[in-house]
Amino acid sequence: MKSAIGFIGLGNMGGPMAANLIKAGHKVTGFDLAPASLEAAKASGVTIAASAIDAVANADIVLTMLPNGKLVLDVWEEIAPHVKTGAFVIDSSTIDVDSARKAHAIFAGTDKITLDAPVSGGTMGAEAATLTFMVGGPAAAFAHVESFLQAMGKRIVHCGDAGAGQAAKICNNMILGISMIGVAEAFVLGEKLGLSHESLYNVASTSSGQCWALTTNCPVPGPVANSPANRDYKPGFMTSLMLKDMKLSQAAALSSGASTPLGAEATQLFDLFEKLGHGNEDFSAIIRFLRGDHLGK
Ligand code: NAD
């Protein structure tokens with residue numbers, strides 16, 4: 001079914017996601033604070049609204065794709081009185097679980113249906129419509145929007161009730177942050193032991209050390225032809241975004257009482273790496289820090 005979409009936040013992710021909705025035949029009305037984002041969205045066929053309120057006024061489905069939880073709450077508060085009866089309101093930003101639950105609560109007791117639906121797959125996934133959506137909210141609402149989300153993604157997973165999508169996203173990314181550091185440490189140790197990158201890769205990639213950080217985003221150049229290490233760590237997935245997600249995982253661990261000592265340690269390491277000026281590099285570049293490259297070793 002073709003729908004009228006109100007899309008707020010047309011940046012690196014939201015822009016291409018909105019473009020894919022247009023390709024799928026939906027009518028998208030969008031709003032962003034940045035003129036450059038608006039211009040790019042207009043070029044891909046988005047009708048530009050004068051405000052967030054105008055963007056949602058006639059929408060069957062509202063989507064937000066914003067930098068953080070505070071902005072999502074601000075925007076949802078602002079648009080709430082103007083969203084159409086029976087409309088779906090979906091946030092695909094990566095935000096903390098507590099803010100996600102507060103966002104759902106803004107519409108509690110109304111006839112609007114809310115879902116948190118953060119994504120993984122990065123800007124390349126947003127452009128290619130191959131994102132994974134992790135969705136939190138009522139099962140009936142999920143069933144209703146699943147095919148709509150398929151215009152932007154290839155895997156749409158219902159994770160549970162309100163906030164469960166964000167919970168799945170930060171748990172997954174905490175695994176990723178920790179495992180990348182583990183893989184990088186193993187390559188640095190192998191280097192000291194005189195082991196070639198290829199030998200370690202050939203063994204670990206086919207045995208119990210196998211993981212995405214090794215076989216897709218390998219932190220050394222060579223074994224995986226298109227991993228960011230082969231292009232001087234041009235992202236990929238920027239260190240600053242990895243750090244954001246690691247911090248969200250630690251905020252959730254604190255508020256839920258979970259013990260995540262490796263998550264805490266990995267967060268510290270990415271924090272230090274970013275403070276050394278590497279926030280815009282792919283997060284696999286952390287291997288340079290672990291190797292001591294910043295010390296001129
Ligand atoms: P971005 O900074 O490129 O885009 C965010 C957009 O929101 C900007 O264009 C900004 O002008 C706009 N914006 C901010 N406040 C606004 C407001 N009040 N009203 C309207 N527009 C507003 O960020 P991005 O890379 O597109 O990321 C968006 C979200 O997706 C973040 O939560 C991020 O963590 C998540 N995410 C990003 C990636 C990635 O690889 N970039 C991957 C997965 C998830």
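**Notes on the predicted model**

1. Searching the whole structure, which is a predicted model, turns up four aromatic pairs. One of them is formed by F270 and F283, whose ring centres are 6.3 Å apart and whose planes meet at 40°, so that the pair is classed as tilted; the reasoning is that an angle under 30 degrees would have counted as stacked and one over 60 as edge-to-face. This pair links distant parts of the chain, since F270 belongs to helix α12 (residues 261-278) while F283, 13 residues apart from it, sits in the loop between α12 and α13 (286-291).

2. For salt bridges, the count under the rule used comes to nine. Among them is the one in which the side chains of K70 and D74 meet, with a distance of 2.8 Å from N to O. Both K70 and D74 lie in helix α4 (residues 69-79), where they are four residues apart, or about one turn of the helix.

3. Two places in the backbone deserve a look. The peptide bond that runs from P235 to G236 is cis, with omega near 15°, and G236 is found in the loop between α10 (212-215) and α11 (239-256). At A129, phi is near 60°, which is a positive value in a residue other than glycine; A129 has its place in the loop between α6 (122-128) and β8 (131-136).

4. How is the protein divided into domains? The division gives domain 1, covering 4-161, and domain 2, covering 167-295. The centres of the two domains, taken over C-alpha atoms, are separated by 29 Å, and 11 residues of domain 1 are in contact with eight residues of domain 2.

5. Between them, domain 1 and domain 2 bury about 800 Å², with 66% of this area on carbon and sulfur atoms. On the side of domain 1, the residues that lose the most area to domain 2 are T94, V97 and M134, which together account for 47% of what that side buries.

6. Which kinds of polar interaction does the interface hold? Across the interface of domain 1 and domain 2, the rule finds three residue pairs in polar contact, with both residues at pLDDT 80 or more, whereas the count of salt bridges between the two domains is zero. On the side of domain 1 that touches domain 2, α5 (97-106) and β7 (119-120) each supply at least two residues. The residues of that side divide into seven nonpolar, two polar and two charged.

Conventions: Residues are numbered from 1 along each chain as its sequence is written. This is a predicted model: local features need pLDDT of at least 70, side-chain atom pairs count only at pLDDT 80 or more; totals for chains, interfaces and linings use all residues. Side-chain values use heavy atoms; hydrogens and water are left out. Domain bounds come from an automatic or database domain assignment. Contact means heavy atoms within 4.5 Å. Buried area is the accessible area (1.4 Å probe) that two parts lose on being put together, summed over both. A salt bridge is a side-chain nitrogen of Lys or Arg within 4 Å of a carboxyl oxygen of Asp or Glu. A polar contact is a pair of N or O atoms within 3.5 Å; within protein, one must be able to donate a hydrogen and the other to accept it, and residues adjacent in sequence count only if both atoms are side-chain atoms. Ala, Val, Leu, Ile, Met, Phe, Trp, Tyr, Cys and Pro count as nonpolar, Asp, Glu, Lys and Arg as charged, and the others, Gly among them, as polar. Rings of Phe, Tyr and Trp (its six-membered ring) pair if their centres lie within 6.5 Å; planes under 30 degrees apart count as stacked, over 60 as edge-to-face and the rest as tilted.
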